[in-house]
Amino acid sequence: MKSQTIHPVLGVGFGPANLSLAVALEERGRAETAHFIERSAGFQWQREQLLSGADIQNNPFRDLAMPRNPASPHTFVKYLASRGSLTDYLHLNAKFPLRREYADYLTWVADAFREQVDYGRSAVGLSLVQGDDGGEVFRVETDDGGAYLARTVSVGTGRSPRVPPAFHRGLGPRVFHSTRYLSSIEQLGDRPLRVAVVGASQSAIEIILDLLARPQVRQVVSIHRSIGFRLKDTSPYSRRVFLPEFVDYFHPLSTAKKRRLRGELRSINYAACDQDVIDRLAGVQHEYQLTGSDRLLMKPFSEVVLSREQGQTQRLVLRDVNHLTEESVDADAVILATGFRDFGSEQGDEPYHPLLEGIAHRLPLDEEGVPVVSRDYSIELKSQADSPQPLRVYLNGLCEASHGMGDAGALAMLSVRATDIADSLQRNQAHDREELLAFGTSP
Ligand SMILES: Cc1cc2nc3c(=O)[nH]c(=O)nc-3n(C[C@H](O)[C@H](O)[C@H](O)COP(=O)(O)OP(=O)(O)OC[C@H]3O[C@@H](n4cnc5c(N)ncnc54)[C@H](O)[C@@H]3O)c2cc1C
């Protein structure tokens, strides 16, 4: 009987994070050591929010490879040149490229790794089993009943949507997170809509602008706990969080100090927006005021305490966070632009990625019950007598609590993080060369 392939590295999720790892491994001549599974049918980047006019929020040259290797064939510049659009791009003098253009760049790179990815397969379970040689290996189960074996796993799934408590039991075609925006809004068709958007994030403001450009949207109700859309902290001093030196500084701090620092730096990435979209929305709002239109309704200092179906609409009960007064708002659709869940011990956090549930008994935990993630983004599992080789799971893009704000899925840190992970994989695999040679074809 043919034994099942044991992949030296199995990447779960093939978004920018694991794509960047694939690029880093290829550069070292180790491309074939890694295989990836991806839930989507093909490569995509934040497809549900590829909105007209939306641009990226990072320097485009801090791409999948450039900060590590400017000569890489997988840089944004090489992509532009390959399309013959480098001069056009430079001529445009745009501060940031459109998100559509950057998504196309990422897809172009992903195409080069097509053979290493199984698309349309979602990991649903992770456990430890005995490999042919008697040592322990990871087993990753997929939603179609398949399974992969691997010596190391790189979890690059992105974070789970954050859903406020009032909506925990009510998600559906009418109430959905921003990660489902485009497909859900299009499913609601052309009938007149009153739409509530919860949150004051960059996603919230982009979605509001997009809704206001749709003729069937009668009214948008913008609901947020804060005073309104606040400006993102873009000071180059604050943005040092997106430098590797900051990760070196942050990682060894105690949990309490990390929490304090993250709170202080929050407006770099959370509940804050870029100047251009704030200006656009303020302009649109002013015009509505001049013309007596009620198309945009602001509900600042408000949190949703209850959401329930009321016939064909959704009734939201809002509470003013300062006066504690309540009012109701009815909407045909409710969009939660409420961000993503972190891994940690704070309210609303997940202690670890749900995929790690099957190996939870082997995770080393800190005093707050959160897995200890090393500087190289790995969690080294607690060993057993019959598994002398330490087993590691890498968290690729999920380490904001342990590694700082630069790890909040930001593209700017991708290539640097991929370098750290690739270095670590190479170091650890060198200990186990014989097993490294044992890999074969994918399942
Ligand atoms: C609308 C939007 C715009 C953004 N724009 C920017 C920006 O301009 N600049 C910036 O720095 N950051 C931006 N971000 C932050 C964003 O996190 C990063 O851009 C980037 O997407 C992170 O890459 P990732 O690979 O970690 O996660 P993701 O992009 O989320 O990719 C994860 C992949 O894993 C797959 N997956 C998930 N679970 C499984 C599973 N169980 N099995 C198999 N596959 C799975 C998903 O289908 C997905 O393809 C944006 C975020 C959003 C939501």
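Two residues are taken to be in contact here if their C-beta atoms, placed from the backbone, lie within 7 Å. Helices (H or I, at least four residues) and strands (E, at least two) are DSSP runs, numbered from the N terminus. A residue counts as buried if 20 or more other C-beta atoms lie within 10 Å of its own, as exposed if 12 or fewer do, and as partly exposed in between.

This is a predicted model, in which local features need pLDDT of at least 70 and side-chain atom pairs count only at pLDDT 80 or more, while totals for chains, interfaces and linings use all residues. Residues are numbered from 1 along each chain as its sequence is written.

Let us start with helix α6 (residues 202-212). This helix is largely enclosed by the rest of the structure, because 8 of its 11 residues are buried. Those buried residues are Gln202, Ser203, Ala204, Ile205, Glu206, Ile207, Ile208 and Leu211. Their cover includes α5 (181-187), β8 (193-198), β9 (217-223), α9 (275-291) and β14 (333-336).

The helix also belongs to a right-handed β-α-β unit with β8 and β9; right-handed means that, with the strands pointing away from the viewer, the path from the first strand over the helix to the second runs clockwise. Two strands are said to pair if DSSP finds at least two bridges between them.

| Strand pair | Bridges | Direction |
|---|---|---|
| β1 (6-12) and β2 | 4 bridges | parallel |
| β2 and β3 (117-119) | 3 bridges | parallel |
| β8 and β9 | 6 bridges | parallel |
| β8 and β14 | 4 bridges | parallel |

Now to strand β2 (residues 34-38), where 5 of 5 residues are buried. In a regular strand the side chains alternate between the two faces of the sheet. Here both faces are covered, with Ala34, Phe36 and Glu38 buried on one side and His35 and Ile37 buried on the other. The chain reaches β2 from β1 by way of helix α1 (residues 16-27), in a right-handed β-α-β crossover. Ala34 is the bridge partner of Val9, and Glu38 has Tyr119 in β3 as its partner.

Around the ligand there are 27 residues, the closest being Gly13, Gly15, Gly158, Gly397 and Gly409; a residue is near a molecule if its C-beta atom, placed from the backbone, lies within 6 Å of it. Helix α1 and strand β2 are the elements that give two or more residues to this shell.

A nonpolar core is a set of buried Ala, Val, Leu, Ile, Met, Phe, Trp, Tyr and Cys residues joined through C-beta atoms within 7 Å. The largest one has 67 residues, and Leu19, Leu21, Val140, Ala150, Val153 and Leu395 touch the most other members. Helix α1 gives the most to this core, with 7 residues. Beyond four places in sequence, Leu21 touches Gly11, Ala34, Ser154, Asn396, Ala418, Ile421 and Ala422. A second, separate core of 35 residues includes Phe167, Ala204, Ala333 and Val334.

Phe167 itself sits in the loop between β6 (147-155) and β7 (175-177). This residue is buried, because 21 other C-beta atoms lie within 10 Å. Apart from neighbours within four places in sequence, Phe167 is in contact with Val175, Ser307 and Leu336.
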